[in-house]
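Open the model in your viewer and keep the selection tool at hand. The tour below goes stop by stop.

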Amino acid sequence: MLDIFYNRRSTRKFSDQPIEDEKIKKILTAALLAPSSRGLRPCEFILVNDPVLLEKLSISKPHGATLLKHSPLAIIIAGDKTLSDVWVEDCSIASIFIQLEAEALGLGSCWVQINRRYYNDDITSNEYIHDLFNIPDRLEVLSIVGIGYKAAERPPLSDSDIVWEKVSRNKFGGVFD
Ligand SMILES: Cc1cc2nc3c(=O)[nH]c(=O)nc-3n(C[C@H](O)[C@H](O)[C@H](O)COP(=O)(O)O)c2cc1C
């Protein structure tokens with residue numbers, strides 16, 4: 001199980017190979033199995049594979065979304081703020097479940113942050129995406145995960161990436177060993 005955490009790296013360049021429908025179904029199954037506060041399940045998911053819409057998503061914010069333009073698939077993850085006050089946490093868990101299942105299936109993925117980001121000086125990224133997809137006001141977009149076959153493998157994380165100093169036991173700042 002730890003292997004998947006070492007091997008998952010953000011993938012921003014994908015090959016043209018389409019993702020099989022069974023794999024897409026498995027990724028969505030993982031997302032829908034994610035835990036949520038009080039089991040309220042506020043997360044909703046919009047699949048996007050239309051190149052015109054992907055290009056529009058890739059300009060949801062000035063930086064950090066361009067990878068979506070050439071992603072074979074993007075999943076918009078949105079939370080119902082009228083259903084849960086912790087939709088951000090719930091949608092974050094669903095987003096990472098999507099990324100980990102993608103990795104398990106031999107696919108690459110990258111999280112694109114939408115919540116608290118801006119399309120331009122006046123319009124939030126969330127508002128921009130609402131207009132594009134006619135999303136109801138009760139939903140807030142947390143993230144978009146771009147998914148596809150990796151154009152190239154990135155080196156996995158290694159033990160030198162693990163900052164054990166972030167961990168203490170019984171008192172803050174102690175050494176964990
Ligand atoms: C909450 C969150 C927001 C992120 N937002 C973006 C983003 O908008 N665009 C992007 O290219 N990568 C984004 N990333 C990916 C991070 O940049 C990446 O996970 C980090 O640099 C570590 O690299 P790794 O995923 O390859 O281990 C985000 C990751 C997280 C967890």
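A residue counts as buried when its relative accessible area is under 20%. Keep that cut-off for a later stop. Note too that this model is predicted.

**Stop 1: the sheet**

Select the strands. There are 4, and they form an open sheet in the order E1-E2-E4-E3. The pairing is antiparallel. Now look at the edges: strand E1 (43–48) and strand E3 (108–113) each have a single partner strand, so one side of each lacks a neighbour in the sheet. From one strand to the next, the twist averages 25°.

Next, select residues 73–80 and residues 139–148. These are strand E2 and strand E4, which run antiparallel and are joined by 8 bridges. Pick Ile-77 and find its bridge partner in E4: Ser-143.

**Stop 2: the helices across the sheet**

Show residues 21–33. This is helix H2, lying across E1, E2 and E4. Its direction is at about 160° to E1.

Then show residues 87–104, helix H4. Helix H4 lies across E1, E2, E3 and E4, and runs at about 10° to E4.

**Stop 3: Ser-36**

Go to the loop between H2 and E1 and select Ser-36.

**Stop 4: Gly-108**

Move to strand E3 and select Gly-108. Is Gly-108 buried or exposed? Its relative accessibility is 1%, so Gly-108 counts as buried, given the cut-off of under 20%.

Show what surrounds it. Leaving out neighbours within four places in sequence, Gly-108 is in contact with Thr-11, Phe-14, Gly-146, Ile-147, Gly-148 and Lys-150.

**Stop 5: the ligand**

Select the ligand and display the residues that surround it. Among them are Ser-10, Arg-12, Lys-61, Gly-64 and Leu-67. Cys-110, Trp-111, Val-112 and Gln-113 also belong to this surrounding set.

Now check distances from ligand oxygen atoms to side-chain N or O atoms:

- Arg-8: 2.8 Å from an oxygen atom of the ligand.
- Arg-9: 3.0 Å from an oxygen atom of the ligand.
- Arg-154: 3.1 Å from an oxygen atom of the ligand.

Finish with the ligand's surface. On its own, the ligand has 620 Å² of accessible area, and the protein covers 60% of that.

How values were computed
Residues are numbered from 1 along each chain as its sequence is written. This is a predicted model: local features need pLDDT of at least 70, side-chain atom pairs count only at pLDDT 80 or more; totals for chains, interfaces and linings use all residues. Side-chain values use heavy atoms; hydrogens and water are left out. Two strands pair if DSSP finds at least two bridges between them. Helices (H or I, at least four residues) and strands (E, at least two) are DSSP runs, numbered from the N terminus. Axes are lines fitted to C-alpha atoms, for helices over the stretch in contact, and angles run from 0 to 180 degrees between N-to-C directions. Contact means heavy atoms within 4.5 Å. Buried means under 20% relative accessible area, exposed over 50%, partly exposed in between (1.4 Å probe, protein chains only). A residue is near a molecule or strand if one of its heavy atoms lies within 4 Å of it. A polar contact is a pair of N or O atoms within 3.5 Å; within protein, one must be able to donate a hydrogen and the other to accept it, and residues adjacent in sequence count only if both atoms are side-chain atoms. Accessible areas come from the Shrake-Rupley method with a 1.4 Å probe; for residues, only the protein chains shown count as cover.
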